[in-house]
Amino acid sequence: MDIVEIIPDRIYSIKYDGEDTAEYYRLFNKEWTDVDSLMDFFQSHPEFTENDFWGFLGNDPEIATARVLEDANKLEPHLKELAENSDNGEQPDLEDYFKPLNGKYGYDIEHIPVKGYGVLESTFLRLYAIRFSQNCYLIVYGGVKLNSSIQNSPGLQENVFRKIDKVKQFLVNEGIIDKDDI
């Protein structure tokens, strides 16, 4: 595993062994921008776009795909703006964006897992990261959330906790406490 700097001193991303790119770039340059893959994903899970969580979409994969594309297109510049605000001591900043991932990780005091959302009011997008320090985060995974819980959302249920745990162990093994240790 490697740690890749995305926005200096603010956002980093993990690059898993065997992968061509860091998670941040996987999301913004592939997963959240590949129309065919998104359409296939939504078409293969119609039961989720019909439920109470996403029912307003009317089970239309094209609408769901368009929402992800629009949201991802707005989220990346939003993260850059939040990082700039973090540099300038202005609000909102990255601390306002990322929220603790409670439950399993509710008592962690270092390498705190957090989540972030897209910018649209009803958003499919989720970013999962580890907080290094104030306004400094390591992106470890992201995806499309189709249900009210990670455990019931295809793609996330298999990966979120496993990837967070793997990265947390990597950081411990490498003696990386914060960005100064990278």
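Which strand gives the most residues to the lining of the largest pocket? The legends below begin with that view. The model is predicted, with local features requiring pLDDT of at least 70 and side-chain atom pairs pLDDT 80 or more, while totals for chains, interfaces and linings use all residues. Residues are numbered from 1 along each chain as its sequence is written, and side-chain values use heavy atoms, without hydrogens or water.

**View 1. Lining of the largest pocket.** Strand E6 gives the most to this lining, with 4 residues. A pocket is an open set of points on a 1 Å grid over the protein atoms alone, where a 1.4 Å probe fits, with protein on both sides within 12 Å along at least five of seven lines; lining residues have an atom within 4 Å of a point. The space within amounts to about 220 Å³. Among the 14 lining residues, Arg26, Glu31, Leu38, Phe41 and Val144 are the closest to the centre. Helix H1 (23-31), H2 and E6 (136-144) each supply at least two lining residues; helices are DSSP runs (H or I) of at least four residues, strands (E) of at least two.

View 2. In H2 (residues 35-43), Leu38, Met39 and Phe42 are buried (under 20% relative accessible area, 1.4 Å probe, protein chains only). These residues lie on the same side of H2, because their arc around the axis is only 100 degrees. At the N-terminal end, Asp34 caps H2 through a side-chain oxygen 3.1 Å from the backbone nitrogen of Asp36.

**View 3. Strand E5 and its partners.** E5 (residues 125-133) is largely enclosed by the rest of the structure, because 7 of its 9 residues are buried. E5 pairs antiparallel with E4 (residues 112-117) over 6 bridges (pairing requires at least two DSSP bridges). Antiparallel E5 and E6 are joined by 8 bridges, and Ser133 stands opposite Cys136 in E6.

Terms used
Buried < 20%, exposed > 50% of the residue type's maximum accessible area, 1.4 Å probe, protein only. Arc of directions from axis to C-beta. Polar contact = N/O pair within 3.5 Å; in protein donor to acceptor, adjacent residues only side chain to side chain. Points joined across faces, edges and corners; volume = space filled by probe spheres on them.
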